[in-house]
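Please load the model below in a viewer and follow the stops in order. Each stop says what to select and what is there.

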Amino acid sequence: MAAFQSRTREQIRRSIAANLDQSPASSATGGGSTTTLVDANYIGGDDEFNGGWLVFTSGTNDGLIRRVTDYTSSSGTFTFKPAATAATGSSDTYEYWRAEYPPERIHEFINQAIIQRTPRGLVSDEDESNHGHSLDSRYDVPSAMVAIYSVDYRNSFSGKQVDSANTTWTTSLSGVTASTDSEDWKAHGASSSFYLSSVSAGTVGYKDISALNLAKHDTLEFWFKSSVTHAAGDLTIVLSSASALGSAKETINIPAATARTWTYMRVSLASPETDTAITSVGIKYVQGTSTRYVWINDVKSVDSQSATYTRLWGGNYRVDKESRKIFLTEPARGKVGYRLVRLSGYRLPVLLSADATVCETDPDLVVARATSRSLFSLARGRTTDPDDNDRRAAFFEGVAAQAERSLPAIKPGTKMVD
């Protein structure tokens, strides 16, 4: 990742304003209304700011953009439309933009500057949602990841087996049938499964276990599968210090999962320091559900900071762009085996949709390129000096190009997904 100090959209916009010789940000000195703002310190004649733009940067109206319809110099009163959400008040901060620079256009130029980038502008990304299996050679690439430079597998970690989940768990909830599935599993030769038919909220199933101290761990990992699309939070996984989930220490939402697909779940423990005597593990339904089958397998706790990884040689895998999957060669599949898989690569930088959004690429590049685009947009205006705007736009484009060249190159061997 590039070494630069990130800035928000509001900070970037103000830097662009300075390049465009815009008035500085200011604040109201008195109470106004939903259509007026009072700033007695603002200097200008009557109607001088008509047609300009106000960008509110604090209070209830934060983020709103309004068009100035009138300015009264004696009181420093801006009249604007449409009406704001709330009446403006003393100390409300705002920016004034001249009519030729609509703030929404400036925001669009900012995002165009982020989009118009070489691969050097990509943001480093990492994913550990895949888990290896001796029968699997294909692994999903996250939707946000556009390039991959390494595939690693976890070869060691500090952890404890909470339950293999390869036997029938106990259930007493009406509409639930618990069983052992020796045909459909990911580890330990079988999985714990449940058939649910019009189930109300409650404990789907649980397993009493020998007391475990999980205080040094921060993550719970397990395999999960549902016959229908699973929405995050429909089910929770519970760790308890009493039999049959009688005294819950951890109640964690099971993340979303695609129908009929084994998904390796990694969820953070909320308060591991209290998980010193876990004696039961189970699944609960939060709201009840229609008919479905549910499977769980290989529940373990992990100290994620203890993990060590081994990197696969780049020739041991290929990227299929159409399916967005990683394909492992036969030797690589044997090396990965039954281990967590980590993909390291790049994603696109986020676009700035709000003033508080932080820019993930070099803000100097964004400021310079957005300034250049703003000046070029006026370079042939009837009331502008086209030659001057052309010269200034070219200058700032040069600044942007220099900033782009200073961005770090992507890692050798990177394979593009998109």
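A charge sits over a ring if NZ of Lys or CZ of Arg is within 6 Å of the ring centre and within 35 degrees of the ring normal. Select Lys415 and Tyr317: Lys415 lies over the face of Tyr317, 4.1 Å from the ring centre. Then select Lys411 and Tyr149, where Lys411 lies over the ring face at 5.3 Å from the centre.

The model is predicted: local features need pLDDT of at least 70 and side-chain atom pairs count only at pLDDT 80 or more, while totals for chains, interfaces and linings use all residues. Residues are numbered from 1 along each chain as its sequence is written, and side-chain values use heavy atoms, with hydrogens and water left out.

**Ser156**

Go to strand 9 (residues 145-163) and select Ser156; strands are DSSP runs of E of at least two residues, numbered from the N terminus. Ser156 is partly exposed, at a relative accessible area of 32% (buried is under 20%, exposed over 50%, partly exposed in between, with a 1.4 Å probe and protein chains only). Beyond its neighbours within four places in sequence, Ser156 is in contact (heavy atoms within 4.5 Å) with Ser306, Ala307 and Thr308. Show the side chains of Ser156 and Thr308, which make a polar contact of 2.4 Å. Such a contact is a pair of N or O atoms within 3.5 Å; within protein, one must be able to donate a hydrogen and the other to accept it, and residues adjacent in sequence count only if both atoms are side-chain atoms. A polar contact of 3.4 Å also joins the side chains of Ser156 and Asn155.

**Aromatic rings**

Which residues form one aromatic cluster? Select Tyr42, Phe49, Tyr71, Phe78, Tyr94 and Tyr96 to see it. The whole structure has 18 aromatic pairs, meaning rings of Phe, Tyr and Trp (its six-membered ring) with centres within 6.5 Å; planes under 30 degrees apart count as stacked, over 60 as edge-to-face and the rest as tilted. Keep Phe49 and Tyr96: their ring centres are 5.0 Å apart and their planes at 70°, so the pair is edge-to-face. Phe49 is in the loop between strand 2 (36-38) and strand 3 (53-56) and Tyr96 in strand 6 (residues 93-97), so the pair ties together parts 47 residues apart in sequence. Phe49 counts as buried at 6% relative accessibility, and Tyr96 counts as buried at 5%.

Methods
Helix = DSSP H or I, 4+ residues; strand = E, 2+ residues; numbered from the N terminus.
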